[in-house]
Amino acid sequence: MTRRVLLLTLTVCTCVVLFYASRYWPLRLWGRDEFFGLPPGGGLVRQWLRGTDFAPFELLIWGIGSFLILTGLQKLFERG
């Protein structure tokens, strides 16, 4: 039971981080300045791809990356 709660907590935290990295993060968690290099309104993938040829594909890159991260997390849980 404790292992299941721990794995669910880890999964929820991972999903929150992935949601923060997307352009759809609705909250501004701190003031105008960056906090440890993180923008207050999310959108990390957009920030990382700014000025590159991949910028128009930001949503697609975020979706594929999220899928791969969550799939890797599932494989890790199944192994243990």
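In this predicted model, Gln47 touches Glu34, Gly37 and Pro39, when residues up to four places away in sequence are not counted. Gln47 is found in helix H2, and at 25% relative accessibility it counts as partly exposed. The C-alpha atoms of Gln47 and Glu58, which are eleven residues apart along the chain, are separated by 9.5 Å.

With a relative accessible area of 6%, Glu58 is buried, because buried means under 20% relative accessible area. Leaving aside its neighbours within four places in sequence, Glu58 is in contact with Arg23, Val45, Arg46 and Leu49.

How many salt bridges does a search of the whole structure find? The search finds two. In one of them Glu58 is paired with Arg23, where the closest N and O atoms are 3.2 Å apart. Glu58 lies in helix H3, whereas Arg23 lies in the loop between helix H1 (2-21) and helix H2 (44-49), so this pair ties together parts that are 35 residues apart in sequence. A salt bridge also joins the side chains of Glu58 and Arg46, with an N to O distance of 3.8 Å. This pair likewise links distant parts of the chain, with Glu58 in helix H3 and Arg46 in helix H2, twelve residues apart.

## The nonpolar core and the aromatic residues

In soluble globular proteins, nonpolar side chains tend to be buried together. In this model the largest nonpolar core consists of six residues in all, namely Tyr20, Ala21, Trp25, Leu44, Val45 and Leu49. The elements that give two or more residues to this core are H1 and H2, and H2 gives the most, with three residues. Val45, a member of this core, touches Ala21, Glu58 and Trp62, not counting residues up to four places away in sequence. Val45 and Leu49 both belong to the core, and both are among the residues in contact with Glu58.

The structure holds two aromatic pairs. In the pair made by Tyr20 and Trp25, the ring centres are 5.4 Å apart and the planes stand at 80 degrees, so the pair is edge-to-face. Tyr20 and Trp25 are both buried, and together with Phe19 they form one aromatic cluster.

## Accessible residues and the surface patch

Where does the model show nonpolar side chains forming a patch on the surface? The patch is made of Phe54, Phe57, Leu60, Ile61, Ile64, Phe67 and Leu68, which together have about 750 Å² of accessible area.

Pro26 is found in the loop between H1 and H2, and at 62% relative accessibility it counts as exposed. The C-alpha atoms of Pro26 and Pro40, 14 residues apart along the chain, are separated by 10 Å. Trp48 is found in helix H2 and, at 59% relative accessibility, also counts as exposed. The C-alpha atoms of Trp48 and Leu38, ten residues apart along the chain, are separated by 11 Å.

The C-alpha separations given above are collected here.

| Residue pair | Separation along the chain | C-alpha distance |
|---|---|---|
| Gln47 and Glu58 | eleven residues | 9.5 Å |
| Pro26 and Pro40 | 14 residues | 10 Å |
| Trp48 and Leu38 | ten residues | 11 Å |

How values were computed
Residues numbered from 1 in each chain as written. Predicted model: local features only at pLDDT ≥ 70, side-chain atom pairs only at ≥ 80, totals over all residues. Heavy atoms only, no water. Patch = residues over 30% accessible without salt bridge, like charges linked within 9 Å, V, L, I, M, F, W, Y side chains within 5 Å. Areas by Shrake-Rupley, 256 points an atom, 1.4 Å probe, with all protein chains shown as cover. Salt bridge = Lys/Arg side-chain N within 4 Å of Asp/Glu carboxyl O. Helix = DSSP H or I, 4+ residues; strand = E, 2+ residues; numbered from the N terminus. Phe/Tyr/Trp six-rings, centres within 6.5 Å; stacked < 30°, edge-to-face > 60°. Buried < 20%, exposed > 50% of the residue type's maximum accessible area, 1.4 Å probe, protein only. Contact = heavy atoms within 4.5 Å. Core = buried A, V, L, I, M, F, W, Y, C linked by side-chain atoms within 4.5 Å.
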